[in-house]
Amino acid sequence: MPELPEVETTVRALRRPLLGRTFTGVRNYWPRQIATASPEALQERIVGQQIETVDRRGKYLLFHLSGGDTLIIHLRMTGHLSVVDREAPLASHTHTIFSLDDSRELRFRNVRKFGRVYLVADPDEVLGKLGPEPLAPGFTVERLREQFQGRSKQMKSLLLDQTFVAGIGNIYADEALFYAGIHPERPADTLTEAEIVALHQAIRKVLQMGVEREGASIDRYVKPDGSRGSMQNAVAVYKRSEQPCYRCGTPIRRIILGGRSTHFCPICQQA
């Protein structure tokens with residue numbers, strides 16, 4: 001968390017308050033959060049640059065700036081971004097604060113300190129190895145089939161590999177595999193053509209559901225304004241262990257794969 005739908009929701013919420021704004025300063029209370037420079041170097045370089053676009057690539061937020069740089073933020077597990085008045089009380093675990101030219105601030109709160117901030121001239125320095133965007137028009141069945149070439153990982157682990165497809169994490173991997181009828185331990189190189197087609201449809205289905213419901217507020221995720229998404233009310237298997245499958249009534253199982261909790265229906269997703 002957050003995954004593609006949660007990051008997309010954050011991007012959409014930040015566009016209105018941030019587009020056209022100019023950075024006037026940066027304060028940082030956890031230097032390791034700044035991945036590509038020191039906090040002092042970040043401030044020197046970013047001050048005076050205007051935010052021209054706010055976009056997303058996989059789980060990364062991208063702020064394209066007037067000076068040619070791109071500010072990239074990865075929320076990781078517990079990151080949260082908000083735009084507030086500069087006089088607003090500072091929440092605990094707020095580690096990087098970007099001052100804006102309208103008396104507001106973009107604040108990056110990050111309880112577990114895994115989130116990162118990058119300022120780069122070439123976004124590929126950070127994003128170059130990411131796989132295709134699963135909701136983009138170019139993500140076709142043929143493109144997904146190409147991504148399977150030379151891959152033999154178990155399916156759940158493969159879906160979490162950001163070089164395979166960008167933006168999928170634990171929640172949406174479990175959900176996509178359920179809708180595709182694929183067991184999470186299946187080796188990727190054993191999928192049939194029909195299963196690849198089903199997986200393509202399932203990936204797009206669950207991610208679009210997540211975007212429409214503005215993310216899943218299952219753990220710490222909330223939208224920039226502090227309100228909750230509603231995807232947690234529509235999950236089929238994720239964190240539903242021992243509850244009946246909505247299709248067949250069999251209790252949902254939970255196992256650990258690659259150190260991650262994995263949920264599936266043993267009947268609808270047979271190995």
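Where is Arg76 found? In this predicted model, local features need pLDDT of at least 70, side-chain atom pairs count only at pLDDT 80 or more, and totals for chains, interfaces and linings use all residues. Residues are numbered from 1 along each chain as its sequence is written, and side-chain values use heavy atoms, with hydrogens and water left out.

Arg76 sits in the loop between strand S4 (70-74) and strand S5 (79-85); helices (H or I, at least four residues) and strands (E, at least two) are DSSP runs, numbered from the N terminus. The backbone here is worth a look. Most residues other than glycine have a negative phi. Arg76, although not a glycine, has a positive phi of about 55°. Arg76 counts as partly exposed because its relative accessibility is 33%, where buried means under 20% relative accessible area, exposed over 50%, and partly exposed in between (1.4 Å probe, protein chains only).

A positive phi is also found at His93, at about 70°, and this residue is not a glycine either. His93 belongs to the loop between S5 and strand S6 (94-100). With a relative accessibility of 36%, His93 is therefore classed as partly exposed.

Leaving aside residues up to four places away in sequence, Pro244 touches Gly249, Thr250 and Pro251, a contact meaning heavy atoms within 4.5 Å. Pro244 and Cys265 are separated by 21 residues in sequence, and their C-alpha atoms are 8.8 Å apart in space.
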